Amino acid sequence: MKGHEIPEQYLDGYAQLLADVSATGRRLTRYEIESRRALGEQAADAGHGLRTLVNAHLAATRAAWPDTPGSADSALAAMQQVVDAFAEGYERAQRLAVRQEEAARREFIDGLLHGRSDLGHLAERAERFGLRLSHTHAVAVAQGPTAYDESAPVPRQVERSLIARFGDRSILLTTKDGRMLCIAPGEQDEVLTHFAKQAYAATDGGRVAIGRAQPGTGGIVQSYKEALNTLELAERLDLDDPVLRAADLLVYPVLTRDRQAMADLVLDTLGPLTKARGGVQPLLETLTVYFACGCVAAKAARQLSLSVRALTYRLERIHQLTSANPADPAHRYMLQTAVIGARLLDWPTKEL
């Protein structure tokens with residue numbers, strides 16, 4: 001906001017207008033109202049505060065109060081029309097500025113996360129939004145039961161909590177494709193951890209993934225993609241943890257890097273289970289739970305609502321069909337890797 005001194009241009013012709021209306025009792029013309037709106041827009045663009053501008057109009061009204069015979073009511077009505085038109089123009093300019101700022105912010109974020117913009121231009125704009133692209137950054141992505149944009153209550157609630165806790169720490173909070181994002185300096189892991197906790201609570205049980213800290217503009221893109229891939233992995237593998245870190249799940253991208261090799265392993269190892277009388281799904285679920293329980297039969301049987309004897313029979317049937325014994329450490333790794341691959345590739349729902 002500027003100081004209290006308001007340039008005379010925003011009050012141009014106001015005293016004469018007031019005197020004329022007071023003497024004639026007429027109302028302001030359409031041109032006069034529009035000219036006051038235009039002055040309001042100019043004042044907003046120049047950065048003057050609306051309160052100071054209104055006070056200047058009130059002071060000018062007192063100074064120029066018509067001494068010639070006329071209607072005080074007409075003068076007050078004219079003042080009301082002038083201030084109303086001026087404020088309307090001011091607010092119109094502010095709304096336009098907000099829309100332009102939002103558009104610039106969205107354009108910057110899209111360019112940043114897609115990694116296709118001119119890096120020099122992107123770096124120049126980044127500091128305006130609190131980021132220094134030469135530094136290391138990490139990205140956290142929160143996904144809830146519904147899609148969010150920046151005007152939604154949930155992102156605003158999370159943002160208020162972060163600002164209250166950390167203030168201005170070069171943090172960028174935004175939304176993308178219905179998800180909430182937090183971009184923070186790589187050494188400030190506590191920011192992303194707090195964001196994850198707040199987002200999980202605010203989304204009533206959503207899921208948050210945190211990418212690894214990476215240097216430079218490309219690092220932000222890479223960390224963002226890692227977080228997205230981690231969310232997808234969590235969904236495919238039905239992982240229970242509400243907050244997941246890409247660094248803790250690096251084995252899964254490694255396993256699927258050669259998709260054809262993984263598909264061959266799944267089909268060669270687990271394909272024979274399709275010959276089972278009840279189909280492949282019950283036996284595949286048995287292996288999944290058995291491995292998740294640390295190969296403890298009693299615990300796996302409870303989770304599957306089976307007797308230990310029934311579980312043992314299923315494991316024996318798997319051994320018969322695949323020639324691989326789930327209880328044998330020599331076979332266990334191959335079977336468990338194939339089970340993970342089946343879930344990552346959505347087999348047998350999708351053909352490989």
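This is a predicted model: local features need pLDDT of at least 70, side-chain atom pairs count only at pLDDT 80 or more; totals for chains, interfaces and linings use all residues.
Strand β2, spanning residues 172–176, is mostly covered, with five of its five residues buried. In a regular strand the side chains alternate between the two faces of the sheet. In β2, Leu 172, Thr 174 and Lys 176 point one way, while Leu 173 and Thr 175 point the other way, and all are buried. The partner of β2 is strand β3 (residues 179–185), and the two pair in the antiparallel sense over five bridges. Together β2 and β3 make a hairpin with two residues between them. In the turn of that hairpin sits Asp 177, with a positive phi of about 55°. Across the pairing, Leu 173 stands opposite Cys 182 in β3, and Cys 182 is itself buried, with a relative accessible area of 0%.

A further set of pairings involves β4 (residues 207–210). Strand β1 (residues 136–143) pairs with β4 in the antiparallel sense over four bridges, and within this pairing Gln 143 stands opposite Arg 207 in β4. Strand β4 is also joined to β6 by three bridges, and these two strands run parallel. Here Ala 209 stands opposite Leu 244 in β6.

Thr 230, found in α8, touches Ala 209, Leu 244, Ala 246 and Leu 249, not counting residues up to four places away in sequence. Thr 230 is buried, with a relative accessible area of 3%. The helix itself covers residues 216–237, and its 22 residues reach 31 Å from the first C-alpha to the last, close to the 32 Å expected at 1.5 Å a residue. After α8 comes Asp 238, whose phi is positive. This residue, with a phi of about 55° although it is not a glycine, is found in the loop between α8 and β6 (243–245). Asp 238 is exposed, with a relative accessible area of 56%.

Moving on to the packing, the largest nonpolar core has 38 residues, of which Tyr 252, Leu 270, Leu 273, Leu 287, Phe 291 and Trp 347 touch the most other members. Helices α8, α9 (251–256), α10 (259–270), α11 (280–292), α12 (297–303), α13 (308–322) and α14 (329–344) each supply at least two residues of this core. The largest share, seven residues, comes from α11. For a closer look at the packing, Leu 287 touches Leu 270, Leu 273, Ile 318, Pro 326, Leu 335 and Val 339, not counting residues up to four places away in sequence. Apart from this core lies another, of 22 residues, among them Ala 142, Val 154, Met 180 and Ala 202.

The structure holds one aromatic pair, formed by Tyr 290 and Phe 291. A pair of aromatic rings is described by the distance of the centres and the angle of the planes. For Tyr 290 and Phe 291 the centres are 5.9 Å apart and the planes lie at 55°, which makes the pair tilted. Tyr 290 and Phe 291 are both buried.

The cysteines can be treated briefly. A disulfide is a covalent bond between the sulfur atoms of two cysteines, and a search of the whole structure finds zero disulfides. In the case of Cys 295, the closest cysteine sulfur belongs to Cys 293 and is 9.1 Å away, so the two are too far apart for a bond.

A cis peptide bond joins Trp 347 and Pro 348, with omega about 10°.

Methods: Residues are numbered from 1 along each chain as its sequence is written. Side-chain values use heavy atoms; hydrogens and water are left out. The expected span of a helix is 1.5 Å times one less than its number of residues. Rings of Phe, Tyr and Trp (its six-membered ring) pair if their centres lie within 6.5 Å; planes under 30 degrees apart count as stacked, over 60 as edge-to-face and the rest as tilted. Buried means under 20% relative accessible area, exposed over 50%, partly exposed in between (1.4 Å probe, protein chains only). A nonpolar core is a set of buried Ala, Val, Leu, Ile, Met, Phe, Trp, Tyr and Cys residues joined through side-chain atoms within 4.5 Å. Contact means heavy atoms within 4.5 Å. A disulfide is a pair of cysteine sulfur atoms within 2.5 Å. Two strands pair if DSSP finds at least two bridges between them.
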